[in-house]
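Good morning, and thank you for coming. Please look at the structure on the screen while I go through its charged and nonpolar side chains.

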Amino acid sequence: MLNCKDTVTETSNYINKDLPISKRIGLFLHFMICRCCRNYLRQFEKTVETVSLVKPSELDKTNKLDLARLLQQVNKETGSNH
Ligand SMILES: [Zn+2]
């Protein structure tokens, strides 16, 4: 069974469907049982969605995910400086 750290690390790949099916199932099961990671997944999807809304046609999916990661990093850094 995956732990939370592994799950968070793979969340972007999970959304990007960039994982072998066995790993996707492992993540899916973890999301089923772990509320924290489910919230993280939801937040991540929202971030990707927000980025998509800002520039609907100019970016492909990969760039959107990169931007989402960047935004999350910025959020994290803002939080730690607070
Ligand atoms: Zn978890």
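Arg 69 and Asp 66 are three residues apart in helix α4 (residues 61-81), so about one helical turn separates them. Helices here are DSSP runs of H or I with at least four residues, numbered from the N terminus. The side chains of Arg 69 and Asp 66 form a salt bridge, at 3.0 Å from N to O. By salt bridge I mean a side-chain nitrogen of Lys or Arg within 4 Å of a carboxyl oxygen of Asp or Glu. Arg 69 is partly exposed, with a relative accessible area of 35%, and Asp 66 is partly exposed at 38%. The word buried stands for under 20% relative accessible area, exposed for over 50%, and partly exposed for the range in between, with a 1.4 Å probe and protein chains only.

Before I continue, a note on the source: this is a predicted model, in which local features need pLDDT of at least 70 and side-chain atom pairs count only at pLDDT 80 or more, while totals for chains, interfaces and linings use all residues. Residues are numbered from 1 along each chain as its sequence is written, and side-chain values use heavy atoms, leaving out hydrogens and water.

How many salt bridges does a search of the whole structure find? The search finds two. In one of them, the side chains of Glu 10 and Lys 23 meet at 2.9 Å, N to O. Glu 10 lies in helix α1 (residues 4-15) and Lys 23 in helix α2 (residues 21-33), so this pair ties together parts that are 13 residues apart in sequence. Glu 10 is buried, with a relative accessible area of 15%, whereas Lys 23 is partly exposed at 32%.

Helix α1 also holds Ser 12. Is Ser 12 buried or exposed? With 6% relative accessibility, Ser 12 counts as buried. Leaving aside residues up to four places away in sequence, Ser 12 touches Phe 44, Leu 65 and Arg 69; contact means heavy atoms within 4.5 Å.

Met 1, Ile 21, Ile 25, Phe 28, Leu 29, Met 32 and Ile 33 make a nonpolar surface patch of about 820 Å². Patches consist of residues with over 30% relative accessible area and no salt bridge, where like charges are joined within 9 Å and nonpolar side chains (Val, Leu, Ile, Met, Phe, Trp, Tyr) within 5 Å. The areas come from the Shrake-Rupley method with a 1.4 Å probe; for residues, only the protein chains shown count as cover. Ile 25 lies in helix α2 and is partly exposed at 48%.

Definitions and conventions: Helix = DSSP H or I, 4+ residues; strand = E, 2+ residues; numbered from the N terminus.
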